[in-house]
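Welcome! Let us take a friendly walk through one protein chain, stopping at a few residues along the way.

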Amino acid sequence: MVCNFGLRAAFFRAGASVSLLGREGRLWGFSGGVNARPGLKYPLCCKFTGARKMMVDTNNSTTDSSIVDVLPEKDNVEDGGFASGGWRSEDGKLSCGYSSFRGKRSSMEDFYDVKTAKIDGHTVCLFGIFDGHGGSRAAEYLKEHLFENLMKHPQFVTDTKLAISETYQKTDSDFLEAESNTFRDDGSTASTAVLVGRQLYVANVGDSRAVISKAGKAIPLSEDHKPNRSDERKRIENAGGVVMWAGTWRVGGVLAMSRAFGNRLLKQFVVAEPEIQEQEVTEDLECLVLASDGLWDVVPNEDAVSLAKTVEEPEAAARKLTETAYMRGSADNITCVVVRFHHKADLDSPLSTED
């Protein structure tokens, strides 16, 4: 996220990480450096290291199985700002790939997360993109806590929309409280997709975006939260705020989005209440693309799903999208997750409910 924010913290920590919970599939991950410098173009031809670490936590009561977090090492990502990897469920019903690139920015403020777990006999998958601004801390906090909090919500399976809405806002409050004694004022977007059985729930705060390919057509499942969006402008002004032009439309002349996590100084106007869309996973649903605005600034929705579908493996598709955005001149961090649905792998749902 490119944002001219007054209280800016200087974090030079890459946010690329993937976590997978439960025993539902395999993950492979790579990280490496391209030594990119601002203002210069480099092809995404990188050497990768396969180092990774595993941590097991058997004390989580939310899932039926133990928690396994698999995190790619981030040392080289800090240096060059590029990481990619992928995961496929053991039953072959679902696969995903991710790609994250620092690009022309001097620091990395994008984070992403992928989790799968078993909750009350239901197999669920969660995918998220978190694009920080004013520093990386808010995005990092979301990666560490948002999905964990969501899976602990007592109505996560029975009323998923309510659980998502309440968890988003509670996590925002928790972050603001955790940062109350600091001089930082970080913020972050969140674009997440939660798959429970045949139902896909996409929630959005900010200007990251989720787009699906359905029967060959690109369909956005989120609408960017921009200050000049008529309903957002009205909400902000009714709360006593102002939307003004400062190179682009900004809340208070500062923030170029109307909803975000964090941003304590603008919290009265910049809320973390998500907009949620629900989509049934039918046989004509081909893939899902989640990405930060570093991609969407230069790659239209239709191009994104068309490019994603030209590559069989979702990791390669995610890397192709990242590379395309960079070559088209994106000046931001670029992070995307591609989820592919394999309907022929099962006669029922992509992720079935098990006893």
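Alanine 215 sits in the loop that links S11 and S12; helices (H or I, at least four residues) and strands (E, at least two) are DSSP runs, numbered from the N terminus. This is a predicted model, in which local features need pLDDT of at least 70, side-chain atom pairs count only at pLDDT 80 or more, and totals for chains, interfaces and linings use all residues. Residues are numbered from 1 along each chain as its sequence is written, and side-chain values use heavy atoms, with hydrogens and water left out.

Most residues other than glycine have a negative phi. Alanine 215, though not a glycine, has a positive phi of about 55°. Aspartate 120, in the loop between strand S6 (110-119) and strand S7 (122-133), also has a positive value, near 50°. Are these residues buried or exposed? Buried means under 20% relative accessible area, exposed over 50%, and partly exposed in between (1.4 Å probe, protein chains only).

| Residue | Relative accessible area | Class |
|---|---|---|
| Aspartate 120 | 63% | exposed |
| Alanine 215 | 56% | exposed |
| Serine 208 | 0% | buried |

## A buried serine

Serine 208 belongs to the loop between strand S10 (199-205) and strand S11 (209-214). Its side chain makes a polar contact of 2.8 Å with that of threonine 189. A polar contact is a pair of N or O atoms within 3.5 Å; within protein, one must be able to donate a hydrogen and the other to accept it, and residues adjacent in sequence count only if both atoms are side-chain atoms. Beyond its neighbours within four places in sequence, serine 208 is in contact (heavy atoms within 4.5 Å) with residues including Asp131, Ser222 and Asp293.

## One side of a helix

Which residues of helix H6 (residues 301-309) are buried? They are Asn301, Ala304, Val305, Leu307 and Ala308. These residues lie on the same side of H6 because they cover an arc of only 160° around the axis, taken from the directions from the helix axis to the C-beta atoms. An α-helix has 3.6 residues a turn, so residues three or four places apart point the same way. Among the elements that cover the buried residues of H6 are S11, helix H7 (314-327) and strand S18 (334-341).

## The whole chain

The chain has seven helices and 18 strands. Of its 355 residues, 59% count as buried.
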